[in-house]
Amino acid sequence: MIPDTGRRPAATAPGTAPARRRPPTPWLVGGALLLLAVVGCALAGVSPVAPLFLAGLGVVAARPVPGLVYVLIVLNAPLGLWMTGVQGLVGDAFGGREYVLSVSAAAVVGVLFARTALLGRWTRPRLLTGAAVLLVVAVWTLIGVAHHGAAQTLVGVRLTLVPLLLLVVLAALTRPQVRTVLTALSWLLVANAVAAVGELAVGPARLVRWGFEEDRAVRYIGDTFRVPGLTEFNGELGILAGAYLLGYVTLWLTRRARRAPWSWHAGGLAAVACLALSTSRSGALLVVAGVLAAVLLDRSGGAAGRRRARLVGLGVVACVAVGFAAVGATGARSLFERFDVWAGLLGGDLPLWGLGIGGVGAATTSRVTSGPQVFVDNYFVSVGLQYGLWAIVVLVAGIGYGLVRLWRRTAAHPTSVLHVAVLAGLAASFLVIEAWEYPGAMMCLAAFVAYGLRLDDPPSPAPWPAAWPVAWLAPTPAGAPTVYSAPDAPALDADADADADSPTVRPAPDAPDADARRA
């Protein structure tokens, strides 16, 4: 008979030692240090929010998905953070610097990129590409410092590199991780749509009395109020909505990617509302050009499928045109005024090597600007002014080469249609706005590009993309197996497309058949 000792029996097998749990020493030490920092700040008369914010920032930057969600919120909901008091609370903790949140988002992107680079294995093409980018940025940073100072140049460097770093980080994620980021982006679009409808109902006069900045958060086109949503101004909301709507519609046109979570559909409807209420013609041009490229340059599938895709694409274009006509945003006077501005900027005394990074565009409107504000509203012209006129030729040639390369790829890889749409829409938006300097919208497009790369993954997704062109930018993790996709593999049927996320169970090639087993 086993004596009753009063102790709880261990949940282990007989004859084995009980498993010992490791004490959470790092978390206890970190919590104790954080508590000491908060108490010390309170005793010293400093806001205790600063150590709490820095600790939370370190936690979200340690993992890619929480870090990217944080960056999404900071980039695409700055007005919402101001309305809720978060921006003021964090800014007061750092001496009244309200730009701490935007700087922290850039810092998180840098940490995530460093983590991606350290965990990867860099091949020669990737090293050459990275070295070329670093060389160009370093040289034109020095030119910018000599022309308009270090502070304005650093703002331009941040605006130039953040979208590229986000693309590399997102391309390194697995398919479930990218889907999580896109789901968070969908809910963010829904929140922006709700805020936009509320702002329209409240009216611009009351918003100004509440503290909204006139001529920025509250803007007009004629007599039409251009709502900002949760972003800083209507142009930022429109380009974000256009980027999401382009990715969503192109995924729907792609047979293998048509099945999506219901939150993505809600995000698509919210993007339509945001695009219409913001009256952003730049966002509309992004959608129209991308969708037209997707339906005209698609070489996959049969003739009937391509015909249906063209009809759907033309329907989307017609709906966008009707929506803008309904809100009275069809005037082209501002577009013709821009031609005079571009001619004056390019016809001036421009050096062969340009003005340097940050010489024009959004960097000239920052708080640290030392010179006049230079609005361009054309990223091709902006690149020519910063790097020299030769850079316009290189940029146009690179976009054309990319479109041709991706167009050829769509025959064997239908999901490349998404990349064609993004590149074509981005090139069209460059004509009327410095789209690259809107990091929130560029992050949205980068997330759809990363998801398009993952649609061709095997059932057990590889941790890195194996498709052109983003694979040159993202390093391959050490020890990761190389996955080669069959270029001539037959297309899946509808049922297989619907279950693309579920693994396929196949019998082993050497397994005996049923008759042999019965024998």
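Tutor: In this predicted model, glycine 371 is found in the loop that runs between helix H15 (333-346) and helix H16 (379-387). Its relative accessible area is 37%, so glycine 371 counts as partly exposed, a class that lies between the limits of 20% for buried and 50% for exposed residues. Glycine 359 is twelve residues away from glycine 371 in sequence, and the two C-alpha atoms are 9.2 Å apart in space.

The nonpolar cores come next. The largest nonpolar core has 99 residues, and Leu68, Leu170, Leu189 and Tyr244 are those with the most contacts inside it. Helix H11 (residues 234-253) gives the most to this core, contributing twelve residues. Apart from this core lies another, of seven residues, which include Trp342, Leu355, Val374 and Val376. To return to leucine 68, its contacts, leaving aside neighbours within four places in sequence, are with Leu112, Leu166, Val169, Leu170, Leu173, Val181 and Met443. In soluble globular proteins, nonpolar side chains tend to be buried together.

Some nonpolar residues are instead found at the surface. Leu352, Trp353, Trp390 and Val394 form a nonpolar patch there, and together they have about 470 Å² of accessible area. One of these residues, valine 394, lies in helix H17 (residues 389-409). Valine 394 is classed as exposed because its relative accessible area is 51%, and the class requires over 50%.

Definitions and conventions:
Residues numbered from 1 in each chain as written. Predicted model: local features only at pLDDT ≥ 70, side-chain atom pairs only at ≥ 80, totals over all residues. Heavy atoms only, no water. Helix = DSSP H or I, 4+ residues; strand = E, 2+ residues; numbered from the N terminus. Buried < 20%, exposed > 50% of the residue type's maximum accessible area, 1.4 Å probe, protein only. Core = buried A, V, L, I, M, F, W, Y, C linked by side-chain atoms within 4.5 Å. Contact = heavy atoms within 4.5 Å. Patch = residues over 30% accessible without salt bridge, like charges linked within 9 Å, V, L, I, M, F, W, Y side chains within 5 Å. Areas by Shrake-Rupley, 256 points an atom, 1.4 Å probe, with all protein chains shown as cover. Salt bridge = Lys/Arg side-chain N within 4 Å of Asp/Glu carboxyl O.
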